[in-house]
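Hi everyone, thanks for making time.

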Amino acid sequence: MSDDPEHPLVVEELTKDYGSVVANDTVSFTVNGGEVFGFLGPNGAGKSTTIRMLLGLLKPTSGSATVLGADIRDEAALTEAKRRIGYLPAHLGFEEGVTGETVLDYHGAMKGEGRRDEMLELFTPPIERPIREYSTGNKRMLGLVQAFMHDPDLVIMDEPTAGLDPLKQEAFNEFIRDERDRGTTVFFSSHVLSEVRRVCDRVGILRAGSLVELENVEALLHRSGKHVRVHASDAAVAEITALDGVVGPERFAEGVQFIYAGDVNALLRELATHDIRDVELGEPPIEDVFTHYYGSREEADEGDRSEEAADRTTRAGETDV
Amino acid sequence: MFETVRYEGKRRIRGAAVLTAGIGAYAGFIIWYFTVLEDVDYEEVFNDLPPAMLEAFGIESLSTIEGFLGAQVFNFVWLLGLGLYFAYVGGGIVASDIETGRMDIFLSLPVTRARLLVEKFGALLVPMLAVNALGGPIIYLFVVAVGETIPLDHLLLAHLLSIPFLLVCAGIGLVFSVAVDRAAIAERGAVGTVFVLYLLESVVGGAEAYDWIQYLSPTQYYEPTPVLIDGSFEPIDSAILLVAFAGLLMLSQALFECRDV
């Protein structure tokens with residue numbers, strides 16, 4: 001076992017085949033030391049499957065990965081490495097009957113709690129109350145505290161901001177940037193493009209179980225374009241959608257929506273020549289990015305369904321992959 | 001060391017207290033009832049019952065407090081009730097954590113699966129020891145309170161010998177717990193298995209052709225009534241139970257090691 005601080009996470013042709021469906025199909029990527037790596041993909045793409053294999057929760061069908069130098073198939077090595085790993089699962093199954101404090105005491109005894117107080121100042125779950133009284137956001141905050149309180153070298157998070165209010169999300173983003181500056185390597189999954197773009201250095205994009213793209217965030221944003229929704233007359237719509245850079249226009253009763261990948265100024269000039277009743281310009285939903293840049297929606301949907309099927313057969317009661 | 005036993009064990013304290021209180025109350029009622037029945041010729045009534053039934057309920061001598069306790073409290077509560085209870089609780093140990101996603105968090109900690117399993121199982125010792133360590137004195141005090149006597153060493157032995165038996169029942173639950181995905185199924189499977197083994201042992205005990213079947217049941221190796229009456233027991237029985245428990249624990253570990261959670 002060699003601990004390579006340059007590459008805390010190396011994934012090599014990792015495959016998880018449930019028989020009826022391949023949840024991860026020869027996924028390979030490397031996360032560099034001290035970077036924030038976003039693992040992006042629509043719901044059901046297989047992100048949680050990868051993450052849960054990295055933690056040794058699922059056994060890979062083939063391929064392997066090393067986490068802080070430990071082969072994920074070597075339980076003893078991986079267990080030792082877990083002292084330096086923080087993990088935030090997507091589904092926070094804390095014991096309902098105990099207080100947050102009891103949970104943190106236990107985690108502290110197991111892996112250390114040097115930064116517990118510092119974390120509790122940033123994220124503020126009501127630790128004196130039993131967890132059954134927690135909101136989703138409070139559970140997420142407790143999860144964040146336990147994931148970072150032993151000052152891990154590598155933090156793996158599955159949809160870390162789901163359920164956090166916007167203020168806490170912003171605090172989270174800032175915290176992650178600070179962590180990176182301290183040298184912590186952060187790997188987290190998300191299906192929200194805007195979340196990833198704010199904090200990630202690089203992204204891997206998983207779709208229907210396969211890694212389809214590995215690039216830096218700027219390139220991704222450049223390629224993802226804008227989501228445009230225009231309320232206008234049919235004649236205006238026809239001219240607008242004829243512009244270069246309009247991808248996948250979809251008509252609705254009062255206008256059209258599309259992804260625009262061209263020069264924004266050209267779009268604005270074109271819009272200015274028509275009688276526009278309403279216009280929205282925004283970030284495209286990630287599903288649309290996939291649809292337009294990485295293949296058809298049908299394929300994506302198929303991937304979602306098969307992943308869900310695999311999920312049902314392997315873990316009852318948990319659908320959040 | 002043993003952080004998980006402590007953490008999980010604390011969560012079992014309330015359940016252990018309720019269980020002990022409930023069983024104490026039932027034992028109290030039975031002991032009081034014994035004084036009410038003292039004038040009834042109980043033996044006469046049971047002489048008419050089929051031998052298999054007497055065997056099943058461990059009925060030997062109902063006219064003494066030892067025999068009465070053996071049949072009404074130890075055979076019903078310790079052998080059947082607690083046997084099923086620990087099979088049920090054992091069935092929930094892993095399966096419920098997997099079902100609720102708690103296992104993800106447990107296994108993200110620096111602990112091997114084998115050790116985690118042993119520690120989580122170890123927390124079951126809280127109710128198992130509480131019900132015996134507190135149940136015994138409660139029963140003794142009730143017996144003294146109604147003016148009867150019972151040999152203290154026999155009572156102690158009956159409780160002590162129940163531990164290997166209860167470990168096996170919980171161990172059967174643990175195997176179900178790691179083999180099955182859903183807690184409800186693991187719990188029912190474990191309870192059903194222990195109950196069927198109990199019935200089989202009772203039924204085939206009298207039939208010579210298939211009497212080997214009775215040796216499959218853990219209930220075969222714990223007979224509290226003779227222990228209470230004259231302190232007699234077979235050490236080999238407890239040894240068999242402990243070996244069986246070790247086997248179940250190792251089987252559970254092996255199954256847990258190679259499964260996805």
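Let's start where the two chains meet: across the interface of chain B and chain A, the rule finds four salt bridges. A salt bridge here is a side-chain nitrogen of Lys or Arg within 4 Å of a carboxyl oxygen of Asp or Glu. One example joins the side chains of B:Asp104 and A:Arg52, at 2.8 Å from N to O.

Before I go on, some housekeeping. This is a predicted model, where local features need pLDDT of at least 70 and side-chain atom pairs count only at pLDDT 80 or more, while totals for chains, interfaces and linings use all residues. Residues are numbered from 1 along each chain as its sequence is written, chains are lettered from A and ligands numbered from 1 in the order in which they are written, and side-chain values use heavy atoms, with hydrogens and water left out.

Back to the interface. Chain B brings 28 residues to the contact and chain A brings 31, where contact means heavy atoms within 4.5 Å. About 2,800 Å² is buried between the two chains, and carbon and sulfur atoms give 56% of that. Buried area, by the way, is the accessible area (1.4 Å probe) that two parts lose on being put together, summed over both. Which three residues supply more than any others of the area that chain B buries against chain A? They are B:Tyr7, B:Ile105 and B:Pro110, with 24%.

Now chain A by itself. It has twelve helices and 14 strands; these are DSSP runs, numbered from the N terminus, with helices being H or I of at least four residues and strands E of at least two. Of its 321 residues, 53% count as buried. Buried means under 20% relative accessible area, exposed over 50%, and partly exposed in between (1.4 Å probe, protein chains only).

Let's zoom in on A:Glu179, which sits in helix α6 of chain A, residues 166-182. Is A:Glu179 buried or exposed? With a relative accessible area of 2%, A:Glu179 is buried. Leaving aside neighbours within four places in sequence, A:Glu179 is in contact with A:Arg115, A:Phe148 and A:Thr184.

Last stop, chain B. Helix α12, residues 235-257, has 23 residues. The buried ones include B:Leu241, B:Phe245 and B:Leu248. And where do the buried residues of α12(B) pack? Against α4 (65-100), α5 (102-107), α6 (113-122) and α9 (152-179) of chain B.

Conventions
Expected span 1.5 Å × (residues − 1).
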